[in-house]
Amino acid sequence: MALTFDDGPDEMTPRYLRTLDQLHVRATFFLLGMNAERRPELVRSIVASGHEVASHGYSHRAFPSLDGCALVDELVHTADILPPSPTPRPFVRPPRGELTPATLARVALAGYTTVLWSLDSDDCRTTDSVCVEDRVSRVRPGDVVLLHEGQSWTLSALPTIVGRLRRAGFELVTVGELLYS
């Protein structure tokens, strides 16, 4: 199963990286282009720590709200900021998971693989780390778990989440490893 983090990089990214390093976990970070552009050193730190980076769009605008050219511009602008993808097709996660058949087709035609999630931690709708821990404890083999950067309660929940997952026999991998291994 894969842990994923949306919306970074931000001022808490170094703390997330330290925690994941202490837990010996690699994850996938879906980064906003505008944040990556402001904090390129954090993008480099994420990659240097062995994590996977992928696009979350440039501005966090809903993909269906963008016309075809604007959507492709968001994808290309973010791709120019992020390091090249090691996977055959770079991953993108639409903000809030909002898609239409037309936007899904545009993303695919632009050469991207859309990655959503199968388990939402609900960490953007609570500030209680125990709620996040309990929600992620419902994980099943092959799940992609949605988490967010920039939230102290998510960071606090990580040691318990990882401990529970390991005790349950889960191997934690990146999205690329989950899909291509």
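Student: Which residues have the most contacts inside the largest nonpolar core, and how many residues does that core have?

Tutor: This is a predicted model, in which local features need pLDDT of at least 70 and side-chain atom pairs count only at pLDDT 80 or more, while totals for chains, interfaces and linings use all residues. Residues are numbered from 1 along each chain as its sequence is written, and side-chain values use heavy atoms, with hydrogens and water left out. The largest nonpolar core has 31 residues, and those with the most contacts inside it are Leu3, Phe5 and Leu158. A nonpolar core is a set of buried Ala, Val, Leu, Ile, Met, Phe, Trp, Tyr and Cys residues joined through side-chain atoms within 4.5 Å.

Student: Which elements give two or more residues to this core?

Tutor: They are strand S1 (2-6), H1, strand S2 (28-31), helix H3 (40-48), helix H6 (129-136), strand S7 (144-148) and H7, and H7 gives the most, with 6 residues. Helices (H or I, at least four residues) and strands (E, at least two) are DSSP runs, numbered from the N terminus.

Student: What is Phe5 in contact with, leaving aside its neighbours within four places in sequence?

Tutor: With contact meaning heavy atoms within 4.5 Å, the partners of Phe5 include Tyr16, Leu20, Phe29, Phe30, Leu147 and Leu158.

Student: Why is Val162 called buried?

Tutor: Buried means under 20% relative accessible area, exposed over 50%, and partly exposed in between (1.4 Å probe, protein chains only). Val162 has 2% relative accessibility and therefore counts as buried. This residue is found in helix H7, and it touches Leu3, Leu23 and Val25, not counting residues up to four places away in sequence.

Student: Why does Asp7 count as partly exposed, and what is noted about its phi?

Tutor: Asp7 is at 22% relative accessibility, so it counts as partly exposed. Its phi is positive, about 85 degrees, although Asp7 is not a glycine. Asp7 has its place in the loop between S1 and H1, where Pro9 is also found, and a cis peptide bond with omega of about -5 degrees joins Gly8 and Pro9.

Student: Why is His60 called partly exposed?

Tutor: The relative accessible area of His60 is 22%, and therefore it is partly exposed. His60 lies in the loop between strand S3 (52-55) and helix H4 (68-81), and its phi is near 70 degrees, a positive value in a residue other than glycine.

Student: What makes H1 and H7 roughly parallel to each other?

Tutor: Axes are lines fitted to C-alpha atoms, for helices over the stretch in contact, and angles run from 0 to 180 degrees between N-to-C directions. Angles under 35 degrees count as roughly parallel, over 145 as roughly antiparallel, 65 to 115 as roughly perpendicular and the rest as oblique. Helix H1 (residues 13-23) and helix H7 (residues 152-167) pack at an angle of about 20 degrees, with their axes 10 Å apart, and H1 and H7 are therefore roughly parallel to each other. The contact involves, among others, Tyr16, Leu20 and Leu23 of H1 and Leu155, Leu158 and Val162 of H7.

Student: What is the handedness of the crossing of H6 and H7?

Tutor: The crossing of H6 and H7 is right-handed; a crossing is left-handed if the near helix is turned anticlockwise from the far one by less than a right angle, and right-handed if clockwise. The axes of H6 and H7 come within 8 Å and cross at roughly 35 degrees.
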